[in-house]
Amino acid sequence: MNDQKNGRRNFLKNSTMAAAIAPFSLSVSDFKNELKSPLKGKIKYALVGTGTRGSSSWAKPIVENYTQNAELVALCDVNIGRMAYAKKFIGTKAPTYHSSDFEKMIKETQPDTIIVTTTDCFHEKYIVKAMELGCDVISEKPLVTEAHQGKKLIEAENRTGKKITTTFNARFSNESEEIKRILNSGELGKVLSAEYHEYLNVDHGASYYRRWHGKKKFSGSLLVHKASHHFDQMNWWLDAEPVTVKANGKVGFYGKNNSFRGENCRTCSFKSKCDFYWDIESYGSKELYLSGEAEDGYLRDGCVWDTEIDSYDAMTVEVTYENDVLLSYSLNSYMPYEGQNIAFNCEKGRLEVRVYDAQPWDVENVFEFRITKNFEGTKAYGLGRDTGTHGGSDDKLRDKIFLPNQSDELKQMADSRAGLMSSLIGIAAVKSIETKEQINIHDLVDFPTEWKWK
């Protein structure tokens with residue numbers, strides 16, 4: 001979800017912001033009696049937020065792969081031009097609605113479920129309104145970017161009886177599933193501490209700072225937008241809830257940390273000398289953004305040296321869990337290679353996992369596992385990555401959602417609790433960095449006793 005000629009620095013600040021959070025003019029009661037029961041055997045979906053993720057990962061697959069069980073009935077976005085292009089890309093005849101007509105869309109198309117893939121900071125508004133209008137919700141992470149939004153979600157879910165599904169595709173990657181199986185087996189005994197270190201390279205990492213993700217007011221910072229994946233994985237692996245968070249972070253590489261800058265790559269006078277020059281013509285989804293650029297001024301090829309960038313590019317986080325596990329986490333987004341180091345220190349030994357995503361050397365396996373037991377030696381083995389986006393994890397997640405009678409042996413499907421808890425670790429980390437204090441998770445949201453956790 002992205003005033004004409006305001007330029008990149010005013011993106012979403014003026015009319016775009018206003019449109020995305022425009023007052024819903026019609027009352028909930030106008031629609032409650034008009035919403036139909038779900039069609040037997042076929043669920044009706046509407047998408048709000050037609051950017052790359054919403055169009056490519058959700059709407060297009062519904063139209064192409066899941067028509068026996070799912071129907072795309074509407075598209076909604078703040079940018080009409082971008083949405084028009086997305087409609088062609090998706091290959092749908094579903095009607096389109098401006099974000100200010102969100103309620104009208106629900107009245108006219110009567111979806112059973114709303115898929116929310118907007119700019120992160122707007123997730124909560126659409127989720128709450130969708131549930132109030134009788135719809136279940138599927139939302140991309142992060143579920144919320146500010147703590148106060150969490151209470152609104154809890155209250156709305158309890159009040160309406162509708163359901164939130166948070167789409168954590170990282171739970172479905174091969175190495176993530178293998179870690180869960182190993183820990184569930186009890187082979188290494190009780191987990192005492194854990195480590196999770198994320199390395200984003202100068203290609204992938206820089207891409208966040210060219211976009212709205214580099215501004216905390218939109219994304220909550222990478223600790224919320226990106227790291228919510230990792231925090232959710234850890235919560236899921238440990239089957240435990242976080243209690244306290246202490247963090248440090250800085251913008252040490254991008255943003256103000258350069259002697260020159262421009263508004264965006266296409267118009268920059270320094271493109272010949274900037275290692276981070278990015279040619280949008282090389283981007284497969286360029287028309288999705290170029291088609292709506294004049295409408296809201298959002299430049300997809302923004303400058304990574306923009307002085308307004310305030311999303312940390314170096315960060316460390318310490319988390320304590322209710323089961324006394326200690327987590328040490330770090331994320332750096334300007335590395336010469338990309339991947340992860342994950343480890344669990346347990347009563348009977350240590351599990352180490354090295355994830356290779358991009359590096360200037362060859363590896364035999366993209367996932368390397370090593371289990372070392374106290375007094376018993378060590379064993380190592382590798383796993384490969386499945387085909388498909390995000391190593392096949394998107395396909396697995398979509399199948400769980402859109403195909404009937406899917407088992408969930410590893411409990412990979414995530415609800416509002418999981419979505420909120422992962423967001424709150426990142427929100428607490430940002431607050432800790434700003435206040436230099438340790439943050440108690442339950443001080444961020446007044447959890448009502450009637451909230452059903454399981």
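Is Cys121 buried or exposed? Cys121 is buried, with a relative accessible area of 9%.

## Model and confidence

This is a predicted model. The average pLDDT of the chain is 90, and 89% of the residues score at least 70. Over residues 1-39, pLDDT stays under 50. The model has 93 contacts beyond four places in sequence for residues 1-39. Where pLDDT is low, the predicted coordinates should not be read in detail.

## Cysteines

Zero disulfides are found in a search of the whole structure. Cys303 is in no disulfide, and the nearest cysteine sulfur, that of Cys268, lies 6.0 Å away. A disulfide requires two cysteine sulfur atoms within 2.5 Å. Cys303 counts as buried, at 8% relative accessibility.

## Helix 15

Helix 15 spans residues 393-402, and its buried residues are Ser393, Asp394, Leu397, Arg398, Ile401 and Phe402. Because these residues cover an arc of only 145° around the axis, they are on the same side of helix 15. An α-helix has 3.6 residues a turn, so residues three or four places apart point the same way.

Several elements cover the buried residues of helix 15. They include helix 3 (52-65) as well as strand 1 (43-48), strand 2 (70-77), strand 4 (113-116), strand 5 (136-140) and strand 6 (164-167).

## The loop at Glu364

Glu364 sits in the loop that runs between strand 12 (349-358) and strand 13 (367-373). With 76% relative accessibility, Glu364 counts as exposed. Glu364 and Leu383 are 19 residues apart along the chain, and their C-alpha atoms are separated by 9.3 Å.

Conventions
Residues numbered from 1 in each chain as written. Predicted model: local features only at pLDDT ≥ 70, side-chain atom pairs only at ≥ 80, totals over all residues. Heavy atoms only, no water. Buried < 20%, exposed > 50% of the residue type's maximum accessible area, 1.4 Å probe, protein only. Helix = DSSP H or I, 4+ residues; strand = E, 2+ residues; numbered from the N terminus. Arc of directions from axis to C-beta. Contact = heavy atoms within 4.5 Å. pLDDT = per-residue confidence, 0-100.
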